[in-house]
Amino acid sequence: MSAPSILFDAPGPRTVRRHRLYTLLGVVLLLLVIGFVLQRLYVAGTFAYDQWEVFITPRFIEVILVDGVLATLKMAAAAVALSVVVGLVLGVAKLADRAWIRVPATVVVEFFRAVPVLLLMILFFFTFGINSGQSGAFWSVVLALTLYNGSVLAEIFRAGINAVPQGQSEAAYALGMRKTQVTNLVLLPQAVKIMLPAIISQCVVALKDTSLGYAVASPGLTRVTSQIYQQFGNQVAAIAVTAALYILMCVALTLLATWVQKRYVGERNPIDGAVGGPGAA
């Protein structure tokens with residue numbers, strides 16, 4: 001018999017039956033909605049072969065993979081790499097003792113966290129990218145994603161460093177370390193395990209936000225599929241394929257990041273090991 005919960009009482013037989021009934025009704029309602037949507041799509045001819053033929057044609061598959069998926073991954077990789085650097089710099093700057101470093105970093109972080117990333121893309125595109133062809137649109141998207149996600153990552157880095165037990169930094173200061181040494185050698189290595197799940201989530205956000213580059217005609221998956229449905233009139237099929245490819249890319253990125261976490265960080269909580277240690281009583 002499981003231990004009773006201290007947060008709520010275990011539901012009785014009538015409550016259990018009521019919850020099961022609610023679950024059944026919810027599932028039936030969901031199936032009815034899905035069936036209605038599929039029926040409407042069928043009547044509109046969405047499932048006709050000519051609507052999907054383009055996505056199994058080798059020539060178009062190559063265009064989707066090379067000009068679409070590969071270009072999207074390039075933008076995401078550049079944005080993620082730069083975002084981590086910018087986020088680390090701003091996050092550490094927000095922890096600085098000197099106000100002339102801490103205050104400007106805080107202003108930058110709060111500003112770019114508040115501005116929608118799509119507006120940043122449009123601003124950078126019309127500022128310097130409009131006369132530079134596809135490369136201008138490409139770097140407009142990368143720069144916007146870097147500043148937005150870098151500002152979010154700055155808060156993640158700051159929170160991760162602050163989450164390390166205070167005794168760690170106090171012990172380091174007692175050994176005569178400077179603040180930069182304490183941050184780089186003591187706090188950051190222990191904070192990595194705390195920050196990594198949030199960093200992975202933000203990388204997925206950066207990958208998905210590359211789809212907004214369509215607004216500034218940047219190369220990528222959404223631009224390629226939009227050209228396809230404008231030519232063949234298969235909007236629903238193009239949206240479905242685009243969504244499926246983005247889901248696959250996001251799942252692959254999550255799996256890769258999880259493997260890196262297990263391979264190079266490990267599953268053991270570094271803070272527990274540092275505080276208690278294997279020989280702790």
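Helices (H or I, at least four residues) and strands (E, at least two) are DSSP runs, numbered from the N terminus. The model is predicted, with local features requiring pLDDT of at least 70 and side-chain atom pairs pLDDT 80 or more, whereas totals for chains, interfaces and linings use all residues. Residues are numbered from 1 along each chain as its sequence is written, and side-chain values use heavy atoms, without hydrogens and water.

The unreviewed UniProt entry lists residues 21–43, 63–90, 111–130, 136–157 and 236–260 under "transmembrane region"; such annotations, given in the numbering used here with shortened feature names, may be inferred rather than shown by experiment. In the model, residues 63–90 are 100% helix and 0% strand, with end C-alpha atoms 39 Å apart. For residues 236–260, also 100% helix and 0% strand, the corresponding separation is 36 Å.

Thr146 belongs to helix H6 (residues 133–163). With a relative accessibility of 4%, Thr146 is classed as buried (under 20% relative accessible area; exposed is over 50%, partly exposed in between; 1.4 Å probe, protein chains only). Apart from residues up to four places away in sequence, Thr146 touches Ala79, Leu82, Ser83, Val86 and Ser151 (heavy atoms within 4.5 Å).

Six aromatic pairs were found in a search of the whole structure (ring centres of Phe, Tyr and Trp, the last by its six-membered ring, within 6.5 Å; planes under 30 degrees apart are stacked, over 60 edge-to-face and the rest tilted). The rings of Phe125 and Phe126 form an edge-to-face pair, because their planes stand at 80° with centres 5.3 Å apart. Phe125 is buried at 12% relative accessible area, whereas Phe126, at 54% relative accessibility, is exposed.
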